[in-house]
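Hi there,

Here is the structure I promised to pass on. Have a look at it first, and then read my notes below.

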Amino acid sequence: MMPASRLSWSSQAASTAAAALRRFVRGVGATVTAIDRADLDPGVAAMPGVTLRRESAFGLAPEPVDWLFSDIIAYPDRLLALVTAWIAAEAARRIVCTVKFQGATDHDAADAFAAIPGGRLMHLFHNKHELTFVWERPAA
Ligand SMILES: C[S@@+](CC[C@H](N)C(=O)[O-])C[C@H]1O[C@@H](n2cnc3c(N)ncnc32)[C@H](O)[C@@H]1O
């Protein structure tokens, strides 16, 4: 593992998510860039290596990161466009994101996520009306 992994993470860190992130950042010495207009959990914001950029994730140009995490509440097809743009740009090495549904499940978007080579779409124990997408760039 790289000593200072770069990682992009979008969410309002709170409770267990913040605690998990604190353990992760301390454990691997990761550098975290959070993209969110909302504040971070103060305990996370104060950590060395954590930076908040108050921007929309949808306005970002893809940039090299080891991990791209997203828990954004967004229409699945919009998140699909973001994820496929980062993959096409070869910017992220690994992606973990939640695909959230409002009302009816968007099966077309779910199928499109599931069809991304190198990806996997799962309903995890804590997922409610959402799925978790994980992807790793194939070895060169
Ligand atoms: C479901 S919450 C994340 C909760 C977090 N995982 C936790 O455990 O506390 C969604 C987050 O996405 C952020 N968000 C919504 N739209 C966004 C956008 N376009 N760009 C970046 N962040 C966004 C919200 O401000 C919020 O912090």
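Predicted model: local features only at pLDDT ≥ 70, side-chain atom pairs only at ≥ 80, totals over all residues.

Setting aside neighbours within four places in sequence, Ile95 is in contact with Leu68, Val83, Trp86, Phe133, Val134 and Trp135.

**The chain as a whole**

The protein chain has four helices and seven strands, and along the sequence they follow the pattern β-α-β-α-β-β-α-β-α-β-β. Of its 140 residues, 26% count as buried. Among contacts between residues at least 6 apart in sequence, 58% join residues at least 24 apart.

**Helix 3 and helix 4**

How do these two helices sit against each other? The axes of helix 3 and helix 4 (residues 107-114) come within 9 Å and cross at roughly 20°. An angle under 35 degrees counts as roughly parallel, so helix 3 and helix 4 are roughly parallel to each other. The crossing of helix 3 past helix 4 is left-handed. Helix 3 makes the contact through Pro76, Asp77 and Leu80, and helix 4 through Ala109, Ala110, Ala112 and Phe113. By class, that contact has six nonpolar residues, one charged and no polar.

Best wishes

Conventions. Residues numbered from 1 in each chain as written. Contact = placed C-beta atoms within 7 Å. Buried ≥ 20, exposed ≤ 12 C-beta atoms within 10 Å, placed from the backbone. Axes fitted to C-alpha atoms, helices over the stretch in contact; angles between N-to-C directions. Parallel < 35°, antiparallel > 145°, perpendicular 65-115°, else oblique. Left-handed = near helix turned anticlockwise from the far one by under 90°. Nonpolar A, V, L, I, M, F, W, Y, C, P; charged D, E, K, R; others polar.
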